[in-house]
Amino acid sequence: MADQCTANTPPSTDCAETGRWQFSLAIGAGHRSNPLLGGRNFPLNLMPDLNYYGKHWFFDNGTLGYSWVLADDLQLSLISRLNEEKGYFRRHHLSNVFTGQVSGSTAFIGPAQKYQQNIELSVADLAKRPTAVDAGWQLDWFTPLIQWKLNWLHDVSGQYHGQHASIAASHGWQNQYGHWQLSSALTWKSSQLIDTYYALDQSFEAELDRLNHSWQPELKLSWNYPLTRDWSMLAFYRYRWLDDAMTVSPLVTENSVRSWFVGVSYRFF
């Protein structure tokens, strides 16, 4: 995901040029793991990168927004995008198109053990989870060493009637081996969101307790090495931890989500 260039954007930071569409396609090997029972890993072989930044309006890999520059190093945006949770239940979901930004994975069932029954479940039987659209606010703060990002999003489609928020920090640097970026994030997801996607359906005749809100920290390391003006090599590894609020559900059999990719990218325009 590119960020719009500002006056104080560090030189080593990837950012999008204002007023023109940019599109590149990465080809290589990788996958995003699926923590759900019976869920298959999502292959990362083709990853598009599409963005446009105008004076205020922008589109960035599935995120549509309108931004205001509050200061040279501070930007506020009103954004909207598809919620990513449905992508774990259905591989061919639109939220998986730009899954390079998403993250699987040791088997683990939450210590609370709320569900004592041995239930035969399949992710294919639970694919009718709703497709939700989120909208909310994002604040970007650019400092010489670290870019901070804070966002809060709410379900405006009325599918799960909840919210999620995150705070993220990233640091990029350049050396003879290419451009590197290390980023970390902490995401909070409301109990309504977790309950809608990861609680059992009543048809399974299990005694359900309402699932709690979830805190999900993650780390990501990415690398980019330009070969020509349009070709570059790239790789990334991303690890997201899942807490007890999710792993207590029998639908979730792993306590993390991992993503990795190694390949080449070509910039079309």
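Reply: Helices (H or I, at least four residues) and strands (E, at least two) are DSSP runs, numbered from the N terminus, and two strands pair if DSSP finds at least two bridges between them. This is a predicted model, in which local features need pLDDT of at least 70 and side-chain atom pairs count only at pLDDT 80 or more, while totals for chains, interfaces and linings use all residues. Residues are numbered from 1 along each chain as its sequence is written, and side-chain values use heavy atoms, with hydrogens and water left out.

Me: Thanks! How many residues lie between E9 and E10 in their hairpin?

Reply: Four residues separate the two strands of that hairpin. E10 covers residues 147–155 and runs antiparallel to E9, joined to it by nine bridges. To find your place, look for Ala-135, which stands opposite His-154 in E10. E9 also pairs with E8, again in the antiparallel sense and over nine bridges; here Leu-82 has Val-133 in E9 as its bridge partner.

Me: Where is Ala-132 found?

Reply: Ala-132 is in the loop between strand E8 (74–82) and strand E9 (133–142).

Me: Is Ala-132 buried or exposed?

Reply: Buried means under 20% relative accessible area, exposed over 50% and partly exposed in between, with a 1.4 Å probe and protein chains only. Ala-132 has a relative accessible area of 1%, so it counts as buried. Contact means heavy atoms within 4.5 Å. Leaving aside neighbours within four places in sequence, Ala-132 is in contact with residues including Arg-81, Asn-83, Asp-155, Tyr-160 and Tyr-197. Its C-alpha atom is also separated by 7.8 Å from that of Val-156, 24 residues apart along the chain.

Me: Now E11 and E12: in which sense do these strands pair, and over how many bridges?

Reply: E11 (residues 163–175) and E12 (residues 178–189) pair in the antiparallel sense over twelve bridges, and a hairpin joins them through two residues. His-171 has Leu-182 in E12 as its bridge partner. E12 then pairs with E13, antiparallel over eleven bridges, with Gln-181 opposite Ser-222 in E13.

Me: What does the side chain of Ser-214 make a polar contact with?

Reply: A polar contact is a pair of N or O atoms within 3.5 Å; within protein, one must be able to donate a hydrogen and the other to accept it, and residues adjacent in sequence count only if both atoms are side-chain atoms. The partner of Ser-214 is the side chain of Gln-216, at 3.2 Å. Ser-214 lies in E13 (residues 214–226) and is buried because its relative accessible area is 0%. Beyond four places in sequence, Ser-214 touches several residues, among them Trp-188, Ile-194, Asp-243 and Met-246.

Me: How many residues of helix H1 are buried?

Reply: H1 (residues 191–198) is mostly covered, with six of its eight residues buried. They are Ser-191, Leu-193, Ile-194, Asp-195, Tyr-197 and Tyr-198. These buried residues pack against E11, E12, E13 and helix H2 (244–247).

Me: How many aromatic pairs does a search of the whole structure find?

Reply: Rings of Phe, Tyr and Trp (its six-membered ring) pair if their centres lie within 6.5 Å; planes under 30 degrees apart count as stacked, over 60 as edge-to-face and the rest as tilted. The search finds 18 pairs. One of them, Phe-89 with Tyr-198, is tilted, at 5.9 Å centre to centre and 35° between the planes. Both Phe-89 and Tyr-198 are buried. Elsewhere, ring pairs link Phe-23, Trp-231, Tyr-266, Phe-268 and Phe-269 into a cluster.
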